[in-house]
Amino acid sequence: MRAKEDVSEGGRRWPRRVLMAVTMLLALAILAVAVAYLWARDKLDEIPRIAVSGLQSTGAGNPQNILVVGSDTRANESAAAAQHFGSTSDVSGQRSDTIVLLHVDPRTSKAALLSIPRDTFVPIAGSGTSNRINAAFNTSPDQLVATISQDFGITVNHFVQEDFGGLQGLTDAVGGVCMNFPLPVRDSTPTGRGSETGLDIATAGPHVLNGADALAFVRSRYYQYHDKGTWRAEGTGDIGRIERQHEFIRALAAKAIHSARNPFKGARVLDRAVKTVAVDQTFSSSVMLRMAIKLRSLRPADVPSFTLPYQAVNGYGSFGDVLLPVQNEDARVIAAWQQYGAPGASQPTPASTAPPIPRRTTSTAPAPTTTTTVRPPWDPGAC
């Protein structure tokens with residue numbers, strides 16, 4: 001009787017009921033994964049899709065460039081945000097307050113960020129005129145995609161749009177983001193009113209930023225730090241803000257991945273995330289999931305940041321202060337960014353983030369930076 005109840009497997013004899021139990025557990029595990037996949041796909045289907053022309057399609061397993069735009073629209077913002085950033089009656093329309101290109105290579109599970117400063121002065125595609133690149137988004141995402149392709153030779157495969165209210169909500173959904181501040185910091189305009197973001201970190205050390213704090217941090221253009229009894233202006237304007245945004249993106253991504261280990265927290269984060277963004281029509285839920293699976297070993301701390309080199313020019317005709325592209329340097333940085341993560345390609349050596357430096361009339365962006373410490377100061381466990 002026992003011979004009928006036992007099964008030989010790998011040289012061992014297993015009771016048939018044990019194998020049945022193991023098989024059932026495996027089946028339940030596979031079912032759970034399938035249900036989670038289907039649930040995630042259904043949630044991703046809730047993301048608004050918009051028509052964007054000029055995108056180049058490619059498979060989810062191929063290297064691709066995703067244009068991520070942070071809109072400065074004042075629509076649907078809170079009263080507190082309107083107090084700091086202005087309401088729709090103060091600032092109409094929308095501009096690309098933040099322009100970041102994310103290059104992902106699913107073959108090696110690598111990714112890299114490339115920021116284009118919003119004051120970069122370039123020919124605007126289809127307009128016959130030149131302006132700051134963020135003005136292109138005020139017309140349509142199509143014009144921004146076309147302008148990036150025309151002026152920098154960058155192929156854009158997908159488009160993602162997020163307003164700052166979405167970033168605030170996502171930060172709250174993950175339970176806040178820990179960042180370390182070596183010195184007290186604040187945002188304060190030269191006039192003392194009108195454009196402050198509300199950033200006010202009174203003590204040095206690690207702080208958990210909630211959504212409102214995060215919004216104040218990433219939008220700060222008049223960043224000051226308190227050193228030796230005096231408030232000192234960082235003086236780097238939008239360039240310093242880009243570097244801070246890169247750090248916050250890494251921190252938020254790390255916290256989101258950390259939260260996803262808890263199914264309930266992960267579900268809450270995904271539920272909030274789908275409400276904060278809009279994507280192009282070709283960026284389907286199945287494409288996103290396939291890409292996520294291939295990039296599952298990606299560590300946000302290892303994602304390097306590139307910023308396009310520029311020449312700062314003050315009083316550029318009627319346009320005021322602008323940043324002019326430096327073509328040769330731009331091409332070099334774009335090539336390094338697009339090759340990052342390619343199989344067999346040599347990777348740029350990450351440089352440490354430099355301390356705040358005064359703004360210069362003529363300048364090039366700092367070398368690509370990434371966090372290389374074992375435990376970065378914004379690690380989710382640091383707080």
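Because the model is predicted, local features are reported at a pLDDT of at least 70 and side-chain atom pairs at a pLDDT of 80 or more, whereas totals for chains, interfaces and linings use all residues. Residues are numbered from 1 along each chain as its sequence is written, and side-chain values use heavy atoms, with hydrogens and water left out.

The structure holds six aromatic pairs, where rings of Phe, Tyr and Trp (its six-membered ring) are paired if their centres lie within 6.5 Å, and where planes under 30 degrees apart count as stacked, over 60 as edge-to-face and the rest as tilted. One of these pairs is formed by phenylalanine 121 and tyrosine 316, which are edge-to-face at 5.1 Å centre to centre with 65° between the planes. This pair links distant parts of the chain, with phenylalanine 121 in strand S7 (residues 121-124) and tyrosine 316 in the loop between strand S18 (310-313) and strand S19 (322-325), 195 residues apart; helices (H or I, at least four residues) and strands (E, at least two) are DSSP runs numbered from the N terminus. Phenylalanine 121 also forms an edge-to-face pair with phenylalanine 319, at 4.7 Å centre to centre and 65° between the planes. Since phenylalanine 121 lies in strand S7 and phenylalanine 319 in the loop between S18 and S19, this pair ties together parts that are 198 residues apart in sequence. In terms of relative accessible area (buried under 20%, exposed over 50%, partly exposed in between, with a 1.4 Å probe and protein chains only), phenylalanine 121 is buried at 11%, whereas tyrosine 316 is partly exposed at 32% and phenylalanine 319 is partly exposed at 30%.

Ring pairs also link Phe181, Phe217, Tyr223 and Phe248 into a cluster. Over the face of tyrosine 223 lies arginine 244, at 3.9 Å from the ring centre, the criterion being that NZ of Lys or CZ of Arg is within 6 Å of the ring centre and within 35 degrees of the ring normal. Arginine 244 belongs to helix H8 (residues 237-260) and glutamate 234 to the loop between strand S15 (230-233) and H8, 10 residues apart. Arginine 244 is buried, at 7% relative accessibility, and glutamate 234 is likewise buried, at 10%.

A search of the whole structure finds 11 salt bridges. Among them, lysine 43 is bridged to glutamate 46 with the closest N and O atoms 3.2 Å apart; lysine 43 is buried at 10% relative accessible area, while glutamate 46 is partly exposed at 44%. Lysine 275 forms a salt bridge with aspartate 271 at 3.1 Å between the closest N and O atoms, with lysine 275 exposed at 52% and aspartate 271 partly exposed at 28%. Salt bridges that share partners join Lys43, Glu46, Asp271 and Lys275 into one network.

On a 1 Å grid over the protein atoms alone, a cavity is a set of points where a 1.4 Å probe fits but cannot get out, and lining residues have an atom within 4 Å of a point; grid points are joined across faces, edges and corners, and a volume is the space filled by probe spheres set on the points. By this rule the count comes to three cavities of 30 Å³ or more, and the largest cavity has a volume of about 70 Å³. Residues lining the largest cavity include Asp97, Thr98, Ser115, Arg118, Asp238, Arg241 and Gln245. S5 and H8 each supply at least two residues of this lining, and H8 gives the most, with four residues.

Terms used:
A salt bridge is a side-chain nitrogen of Lys or Arg within 4 Å of a carboxyl oxygen of Asp or Glu. On a 1 Å grid over the protein atoms alone, a cavity is a set of points where a 1.4 Å probe fits but cannot get out, and a pocket is an open set with protein on both sides within 12 Å along at least five of seven lines; lining residues have an atom within 4 Å of a point.
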